[in-house]
Amino acid sequence: MEQLPIVRPGERVVARSDGKGGLILGVEKIQGREFAASAGCSGYVLDARLLMDVLGSLKMPGSWFQVWCKQVALQNANRADDQLREAARGFVKTNQRDLQARCNLSAASVNEASQFFTHIGWQRTAKRGILQLNPWLTVAGTSGEQEKWQALWNGAKGPVCVIPHADYPTEWRQLREAEKKAAEAARRKEKVVTLRQRRPVRKASA
């Protein structure tokens, strides 16, 4: 599957129904972008309504939603703390232990959520402890920065974004479980060869 094209300033990604229950992504000219603000951070979000509509439709565990929201919140857009920020703008400094504490979740729940969002191309690991959220879905910065982050994503061969249907999380879980069972069955079929222990050689007495 080819990488998404660079979305330049004044353009945005839009989703349309393909008439078969799926979505077709396209790029169109816009007058502006959604602006999101809260007590902790503020910034531009690309097609926020589409993102929230998808999240609201997905039949996924609440823990996954928690993890995604915390990661988006960590994508700080304020320039006032540039000197204090541990990760470059457009990136998130966090790890599974940090997300466990922030979300009050188990390691298994955070790990599963992270694997799912990476699988559908909503995030990638830039380097250890640094995440990049898909800039076509969520971005906190100027249009120039947005273009830069999209180029970085494509340059790193980041996964193509998937807009999953409502039951996809369940299907993904079932597929993973089937793969685990197949791997376990294959492991059990492997022949185990027991090596005989060599007896120590006794030295002849003089």
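Predicted model: local features only at pLDDT ≥ 70, side-chain atom pairs only at ≥ 80, totals over all residues.

User: Why are helix 2 and helix 3 called roughly perpendicular?

Analyst: The axes of helix 2 (residues 62-73) and helix 3 (residues 96-103) come within 10 Å and cross at roughly 105 degrees. Angles of 65 to 115 degrees count as roughly perpendicular, and therefore helix 2 is given that label relative to helix 3. On the side of helix 2 the contact is made by Q66, V67, K70 and Q71, and on the side of helix 3 by L99, R102 and C103. By class, these residues divide into 3 nonpolar, 2 polar and 2 charged.

User: What makes helix 2 and helix 4 roughly perpendicular to each other?

Analyst: Here the helices pack at an angle of about 70 degrees, with their axes 9 Å apart. The range for the label is 65 to 115 degrees, so helix 2 and helix 4 are also described as roughly perpendicular. Helix 2 contributes S63, W64, V67, W68 and Q71 to this contact, while helix 4 contributes S109, V110, E112, A113, S114, F116 and F117. The contact has 7 nonpolar, 4 polar and 1 charged residues.

User: How do you know that D167 and K59 form a salt bridge, and where in the chain do the two residues lie?

Analyst: The test asks for a side-chain nitrogen of Lys or Arg within 4 Å of a carboxyl oxygen of Asp or Glu, and for the side chains of D167 and K59 the N to O distance is 3.5 Å, so the pair qualifies under that rule. The bridge links distant parts of the chain, with D167 in the loop between helix 5 (143-155) and helix 6 (168-189) and K59 in the loop between helix 1 (48-57) and helix 2, 108 residues apart.

User: What makes R102 and D98 a salt bridge, and how are they placed in helix 3?

Analyst: Their side chains meet at 3.0 Å, N to O, and the limit is 4 Å. Both residues lie in helix 3, 4 residues apart, about one turn of the helix. An α-helix has 3.6 residues a turn, so residues three or four places apart point the same way. R102, at 42% relative accessibility, and D98, with a relative accessible area of 23%, are both partly exposed.

User: What marks the two ends of helix 3?

Analyst: At its start, a side-chain oxygen of N95 reaches to within 3.2 Å of the backbone nitrogen of R97. After the helix comes N104, whose phi is positive, near 55 degrees.

User: Why is E112 called buried, and what does E112 touch?

Analyst: Its relative accessibility is 16%, and since buried means under 20%, E112 falls in that class. E112 is found in helix 4 (residues 107-119). Not counting residues up to four places away in sequence, E112 touches W64, W172, R173 and R176. With R173 there is a polar contact of 2.8 Å between the side chains; the C-alpha atoms of these two residues, 61 residues apart along the chain, are separated by 9.2 Å.

User: What makes I163 a buried residue?

Analyst: At 17% relative accessibility, I163 is under the 20% limit and therefore counts as buried. I163 has its place in the loop between helix 5 and helix 6, and touches L23, L25, V54 and L137, not counting residues up to four places away in sequence.

Notes
Residues numbered from 1 in each chain as written. Heavy atoms only, no water. Axes fitted to C-alpha atoms, helices over the stretch in contact; angles between N-to-C directions. Parallel < 35°, antiparallel > 145°, perpendicular 65-115°, else oblique. Contact = heavy atoms within 4.5 Å. Nonpolar A, V, L, I, M, F, W, Y, C, P; charged D, E, K, R; others polar. Buried < 20%, exposed > 50% of the residue type's maximum accessible area, 1.4 Å probe, protein only. Polar contact = N/O pair within 3.5 Å; in protein donor to acceptor, adjacent residues only side chain to side chain.
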